[in-house]
Amino acid sequence: MKLSSRKQIQSLVRFQSANYLTTSFYCDTDKSRLSKKQIMVSFKNLLQEARAGLDALEASREKKDSLTRDLEMISRFGTQVLPGFTAPGVAIFSCAGENFWQEFSLPRAPRNHVFFDRGPYIRPLSSIMDEYRSICAFLLDRHSARWYSIFMGGIALIESLSSEVPSRVREGGWQGYESKRIERHIDAHLHEHFKKAAQKTFDLFKKNQFDWLFLGSKEEYRPDIEPLLHPYLRERLRGWLKTNASDSEDKILKQAMELEKRLKNEEEKELVETLIHEIEKGGRAVSGIRDVLRKVNSAEVQTLVVTRNFSAAGRTCPKCRFLYVDEAQCPVCNIKTEKVQDIIHESVHSAIDKKGRVRYVTSPSRLDRFGKVGAFLR
């Protein structure tokens, strides 16, 4: 299954087993950098590492048996499926005791990693998904319009439109008519074409709910088309492409991805600056692991902001699921807390579960000086 929507991640978040642990297995399968032999060796080494970790794991026999079956099924995947696998990365989630198995092909390579936990380790998926926006590329010329859906490096034509708009005439008239009157007639046809295209764009937005709109047309048409867009579309208009409706999909996709990357970098910088400004003025924001975990526990986090690849060990209460840095005993339940490999992942999981949003930024950034993690509060 291809990773293609946030709903897939939300579905994984909802899976929890009361009796067994879940194996989360991530492997770099990027054949643009690695040979097939290197990928197979890495896959086998990761399995070997997982088996060693399982042997050292303090868990009941029943849980270990389930994890052993997970690794056996993942091993069969490596033998039967991996040789023909074409995606840059793979993520596998298995809980044999609950007959749960999901595999995802990823648009970019993850770090090789294996986790045993109560539920799926979804942080790498969340990080990948945060790198992309659902984009509608709206390409327009005098006679036609095309709309493309662009997401996670892929492009697909979703709609097209053709209109009969007369060509411009030379000054001095045509077939006896005054040229100015004919031009007004032509302009009316062109305006109607733009109006129909703008309405079609809004219809597609209502159906697909894209995040960003990129518009490609001749520069001379921009003052005419932009006022015709619905206010919702103008809010999402993030840039102009130097393409038109007759250009190839490859050209459109290349320009769109370059623009998306630039906008994402600007967005991340603005996000960090806004967060730090809110923290420094004593507003509704916090930073650092301890303060962030405290706000996650109390369901006050509206948006969790995390530095990619930042992780830290921590502890969690097996009863109330509250998260801590190093508390050996839960101050709420007065019972012993359990160690977790990555408390940042647990905070991501908890924030999503409590209807919060998670945003990622790339290091180096100013967030590095504020503990590499922060949160906007409700």
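**View 1. The largest pocket of this predicted model****.** The largest pocket has a volume of about 840 Å³. Its lining is made by 26 residues. Leu57, Glu58, Phe116, Glu338 and Lys339 are the lining residues nearest the centre of this pocket. Which elements give two or more residues to the lining? They are H2, strand S4 (113-117) and strand S14 (338-340). Sorted by class, the lining of the largest pocket holds twelve nonpolar, four polar and ten charged residues.

**View 2. The three-stranded sheet that contains S14****.** Strand S14, which gives residues to the largest pocket, also belongs to an open sheet of three strands. The order is S13-S12-S14, and the pairing is antiparallel. Strand S13 (323-324) and S14 are the edge strands, and each pairs on one side only. Strand S12 (residues 314-316) is joined to S14 by three bridges. These two strands run antiparallel. Look for Arg315, which stands opposite Lys339 in S14. Lys339 is also among the residues nearest the centre of the largest pocket.

**View 3. Helices H2 and H3 packed together****.** Helix H2 spans residues 36-56, and helix H3 spans residues 61-80. Their axes lie 11 Å apart, at an angle of about 175°. Angles over 145 degrees count as roughly antiparallel, so H2 and H3 are roughly antiparallel to each other. Which residues of H2 meet H3? They are Met40, Phe43, Leu47, Ala50, Arg51, Leu54 and Asp55. On the H3 side, the residues are Lys64, Leu67, Thr68, Leu71, Ile74, Ser75, Phe77 and Gly78. By class, this contact has nine nonpolar, three polar and three charged residues. H2 also gives two or more residues to the lining of the largest pocket.

**View 4. The second largest pocket****.** About 440 Å³ of space lies in this pocket. The lining has 16 residues. Arg6, Gln10, Ile352, Gly356 and Arg357 lie nearest the centre of the second largest pocket. Which of them gives the most? H1 does, with five residues. The lining of the second largest pocket divides into five nonpolar, three polar and eight charged residues.

**View 5. The five-stranded sheet****.** This open sheet has the strand order S7-S6-S5-S8-S9. Its pairing is mixed. Strand S7 (154-162) and strand S9 (237-241) stand at the edges. Each has a single partner strand, so one side of each is left without a neighbour in the sheet. From one strand to the next, the twist averages 20°. Strands of a sheet pair through backbone hydrogen bonds, either parallel or antiparallel.

**View 6. Strands S5, S6 and S7 close up****.** Strand S5 (residues 135-140) and strand S6 (residues 144-151) run antiparallel, joined by six bridges. Leu140 stands opposite Ala145 in S6. How many bridges join S6 to S7? There are eight, and these strands also run antiparallel. Ser149 has Ala156 in S7 as its bridge partner. S6 and S7 form a hairpin with two residues between the strands. In this hairpin, Met152 takes a positive phi near 55°.

Methods: Residues numbered from 1 in each chain as written. Predicted model: local features only at pLDDT ≥ 70, side-chain atom pairs only at ≥ 80, totals over all residues. Heavy atoms only, no water. Axes fitted to C-alpha atoms, helices over the stretch in contact; angles between N-to-C directions. Helix = DSSP H or I, 4+ residues; strand = E, 2+ residues; numbered from the N terminus. Parallel < 35°, antiparallel > 145°, perpendicular 65-115°, else oblique. Contact = heavy atoms within 4.5 Å. Nonpolar A, V, L, I, M, F, W, Y, C, P; charged D, E, K, R; others polar. Pairing = 2+ DSSP bridges. 1 Å grid on protein atoms, 1.4 Å probe; cavity = no way out; pocket = protein on both sides within 12 Å on 5 of 7 lines; lining within 4 Å. Points joined across faces, edges and corners; volume = space filled by probe spheres on them.
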